[in-house]
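Let's take a friendly walk through one protein model. Have a look at the sequence and the 3D view first, then read on.

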Amino acid sequence: MSNTIQAYRGSVLHFNDDPAIAGDSYHWHEDGLLVVDGERVLAAGDYDALAATLPADAKLHDLRGKLILPGFIDTHIHYPQSDMIASPAPGLLPWLETYTFPTERKFQDPEHAGDVARFFLDELARSGTTTAMVYCTVHPESVDAFFTESSARNLRMIAGKVMMDRNAPDFLCDTAESGARDSEALIRRWHKQGRQLYALTPRFAPTSTEAQLELTGDLARAYPDTYIQSHVAENTDEIAWVKTLYPQARSYLDVYDRYGLLRERAMYGHCIYLDDADRARMADTGAAAALCPTSNLFLGSGLFDFPAADAARMRLSLATDVGGGTSFSMLRTMNEIYKVARMGGTYLPALRMFYLATLGGARSLCLEDSIGSFKPGNEADFVVLDPQCTPLLARRTDRCESLEELLFALALLGDDRAVAATYSAGRLLASSSGTAAH
Ligand SMILES: [Zn+2]
């Protein structure tokens, strides 16, 4: 990329705080300009104010009529499950046995893993997602394949090798020792290599022995700036199972706490059946929740409790959980989290949904100084949304009288068709005229 300044004129929106907490939480420039210097944001603001500051050789891209937002951040997704999204099964445990484990077995083959990683990253780009926190499989090859593709595209991605040493088919099990050894080698190979970040990834408490969680806790302490990801309190059968496996733990979340796996940069998927003591522990330790509504509804797991989470001041983010989730689109995911909140008696404004999908995700990952907003110096990851992309959206958004109405229509009616273009570190990744060459 040359050093030419790139300037994008359109309606610019980004957040500086959670709209549920702060009155002054976002920046909205209806005729706005996003100025990008190489891989980074130089400025974002009103077109009238910024246009005069552009150097003569700056390249101006006219995106008027469209919205420019920070790229979406999906904090919980399984790339190996791309090929089995929308597989029919009555609930989580039969779904794992019938579809997930046979699908993940194939990732011992690096060529297969590379092929799926390429498809997966293309699909994220088409959906406007620029950062994801990703589960690979138990095979270290699956992680190498993922990061090889992700670093070739210069994406800000977080991923890790699944660890599981019990209650799974032999062909998908590591051991406590091999899981820790392989994870440590992957940390050394990939963590902070360019924009890549490593996540220690015990799949969930039932598929790890105490020895495995203990060694994972050791690694989390030895490498404090790595990430941790797992699942917690997703459905009632699973919780009963955890109780029999870890009778000494106070709760499902407490299993992770006992092994030092609650801290900043730890992301827990679902968090549906936490109690108040768990929620306080999440907030105190800085661990974050990945809300996965399309998955929770698809598998019949349950409804996330917003009032209780907000009362505890938990860090919240939004996630697709493909392939338990039914869409790569964070807009579709907003549509479903809106309804989940309604079922719990809560009203979720669109501004907050867009916050959760951008800055909320970045804050949950302690990455707000790199991504999630257009703060000067941040990495230039952004998405361009087209409110005119379908006849229905065009008709509805033509009648919108406020930003909230416009965002709400995009969240409830939008999907990957609304993504006109996706940029990562200043480079075009995908556009509605086709995925960019890479
Ligand atoms: Zn998951």
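What follows is a short tour of the metal site, some backbone details, a surface patch and the charged pairs.

This is a predicted model, where local features need pLDDT of at least 70, side-chain atom pairs count only at pLDDT 80 or more, and totals for chains, interfaces and linings use all residues. Residues are numbered from 1 along each chain as its sequence is written, and side-chain values use heavy atoms, with hydrogens and water left out.

**The zinc site**

Let's start with the metal. The zinc ion has His76 (NE2), His78 (NE2), His231 (NE2) and Asp321 (OD) as its protein donors, at 2.1 to 2.4 Å. Donors here are N, O and S atoms within 2.8 Å of the metal (3.2 Å for Na, K and Ca), and since water is not among the atoms, sites may look incomplete. Along the sequence, the spacing of these donor residues reads H-x1-H-x152-H-x89-D.

Why is the arrangement around the zinc ion called irregular? Because its four donor atoms subtend angles of 87 to 168°. For four donors, tetrahedral needs all angles between 85 and 135 degrees; square planar (four donors) and octahedral (six) need opposite donors over 155 degrees apart and all others between 65 and 115, and anything else is irregular.

Buried means under 20% relative accessible area, exposed means over 50%, and partly exposed is in between (1.4 Å probe, protein chains only).

**Backbone details**

Now for the backbone. Ala233 has a phi near 45°, a positive value in a residue other than glycine. Ala233 sits in the loop between β10 (227-232) and α7 (236-245), and it is buried, with 1% relative accessibility. Helices (H or I, at least four residues) and strands (E, at least two) are DSSP runs, numbered from the N terminus. Cys366 also has a positive phi, near 55°, and belongs to the loop between α14 (359-364) and β14 (382-385).

There's a cis peptide bond as well, running from Val322 to Gly323 with omega near 5°. Gly323 is in the loop between β13 (315-318) and α12 (330-343). Helix α12 also holds Asn335, which is buried at 10% relative accessibility.

**Charged pairs**

Side chains of opposite charge can pair when their charged atoms come close. In the whole structure, a search turns up 29 salt bridges, each being a side-chain nitrogen of Lys or Arg within 4 Å of a carboxyl oxygen of Asp or Glu. Here are three of them:

| Pair | N to O distance |
|---|---|
| Arg126 and Glu123 | 2.9 Å |
| Asp144 and Arg189 | 2.8 Å |
| Asp415 and Arg417 | 2.9 Å |

Asp144 is in helix α4 (residues 140-152) and Arg189 in helix α5 (residues 176-190), so this pair ties together parts that are 45 residues apart in sequence. Arg126 and Glu123, on the other hand, both belong to helix α3 (residues 110-126), three residues apart, or about one turn of the helix. Arg126 is partly exposed at 33% relative accessible area, while Glu123 is buried at 17%.

Finally, Arg118, Asp122, Glu149 and Arg153 are linked in a salt-bridge network.

**A nonpolar patch**

On the surface, Leu297, Leu303 and Met343 make up a nonpolar patch with about 290 Å² of accessible area together. Patches are made of residues with over 30% relative accessible area and no salt bridge, with like charges joined within 9 Å and nonpolar side chains (Val, Leu, Ile, Met, Phe, Trp, Tyr) within 5 Å. Accessible areas come from the Shrake-Rupley method with a 1.4 Å probe, and for residues only the protein chains shown count as cover. Leu303 is partly exposed at 36%.
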